[in-house]
Amino acid sequence: MLIATWNVNSVRQRLEGLTAWLKERQPDVVCLQEIKCMDDAFPREPIEALGYNVAVHGQKTFNGVALLSKLPLEDVSRGLIGDDDDVQARFLEAVVAGPSGAVRVVSLYLPNGNPPDTEKYPYKLKWIDRLIAFSLERLKLEEPLVLAGDYNVIPTAADAKNPAAWVNDALFLPQTRARFQALINLGLTDALRAVSDASDLYTFWDYQAGAWQKNNGIRIDHLLVSAQAADRLVAAGVDKHVRAWEKPSDHVPAWIELRN
DNA sequence: ATGACTCAGGAACTGAGA
């Protein structure tokens, strides 16, 4: 079972690239972030035509996440526990009945948090704490769990071309990395790092300043998996070439393959 | 050295992104 995540930076702007990539990569499950539209504006038809079931948690203008799956999406749940007043669409959970049993998948878009001296940063940190609380509950189920998405966290200096440029940034501040590590410490595996220690395993290149041409990237899109999923991990990768396509997102897809 | 781009909303620009 191939499970992928991709921050598309507007699903409507990216529809051509998204469908081309779906045909090429043939993922079974896809977690999308930053779809930037309401549910009824999501381009369901061209994606369903490729054999996918679609679940959407949209929002006007900002954020928005979705799940695509060739197998049915069951127990779909929108929003992250821990703050009933949070209206930002950043979290979508569902269960996919795979050939070897259920796999629980979450598409998440963790807050950016910049600038750190505003209310945006404590919102980010609290959001990670809420994700930890959620994960604690789900890990009790002892089932394959995949938390995939744009975490807006650079876990280590090896995950940035130029780490010095990020030291005061919400993506790389010590508190950010410590909380991300606390999430991992619950017993999750960073699937990309489990299969590769490459120093340029980036998933994001800024549109500005020729970042792509200089390979000035960062790794901020992650697939964290429970032990029951990690035991079935056979491959993981980043589809870097997609960044060179026409009208690219600033993020590229990352994916894992689980043994059936 | 500085700025350098792309998106939604809505009709010239702002805010957000990372």
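Trainee: Which residues does I3 touch, not counting residues up to four places away in sequence?

Mentor: I3 touches P27, D28, V29, V105, V146, A148, L223, W255, I256 and L258. Two residues are in contact here if their C-beta atoms, placed from the backbone, lie within 7 Å. Please note that this is a predicted model, in which local features need pLDDT of at least 70 and side-chain atom pairs count only at pLDDT 80 or more, while totals for chains, interfaces and linings use all residues. Residues are numbered from 1 along each chain as its sequence is written, and chains are lettered from A and ligands numbered from 1 in the order in which they are written.

Trainee: Which residues have the most contacts inside the largest nonpolar core?

Mentor: They are I3, L32, A66, L67, V105, V146 and L223, in a core of 75 residues. Such a core is a set of buried Ala, Val, Leu, Ile, Met, Phe, Trp, Tyr and Cys residues joined through C-beta atoms within 7 Å. A residue is buried if 20 or more other C-beta atoms lie within 10 Å of its own, exposed if 12 or fewer, and partly exposed in between, with C-beta atoms placed from the backbone.

Trainee: And helix α1, which of its residues are buried?

Mentor: L18, W21 and L22 are the buried residues of α1, which spans residues 15–25. They fall within an arc of 105° seen down the helix axis, so they line one face of α1. The arc is that of the directions from the helix axis to the C-beta atoms. The face turned away from that side carries the exposed residues E16, K23 and E24. Helices (H or I, at least four residues) and strands (E, at least two) are DSSP runs, numbered from the N terminus.

Trainee: What follows α1?

Mentor: Q26 does, with a positive phi near 55°.

Trainee: Turning to the sheet, what is its strand order?

Mentor: The open sheet of six strands runs β5-β6-β7-β8-β12-β9, with mixed pairing. Its edge strands, β5 (73–78) and β9 (189–190), each pair on one side only. Two strands pair if DSSP finds at least two bridges between them.

Trainee: In which sense do β8 and β12 pair?

Mentor: Residues 145–150 of β8 and residues 221–225 of β12 pair in the antiparallel sense, over five bridges. Within this pairing, G149 has H222 of β12 as its bridge partner.

Trainee: Which residues come nearest to DNA strand B?

Mentor: S10, Q13, N112, Y207 and A209 do, of the 21 residues around DNA strand B. A residue is near a strand if its C-beta atom, placed from the backbone, lies within 6 Å of it.

Trainee: What is the phi of S10, and where does S10 lie?

Mentor: S10 has a positive phi of about 85° although it is not a glycine. S10 lies in the loop between β1 (2–7) and α1. With 15 other C-beta atoms within 10 Å, S10 is partly exposed.

Trainee: What about E142, buried or exposed?

Mentor: E142 is exposed, with 10 other C-beta atoms within 10 Å. E142 is found in the loop between α3 and β8, and its phi is near 50°, a positive value in a residue other than glycine.

Trainee: Which residues does a cis peptide bond join?

Mentor: The cis bond joins N114 and P115, with omega about -5°. P115 is found in the loop between β7 (101–109) and α3 (120–139).
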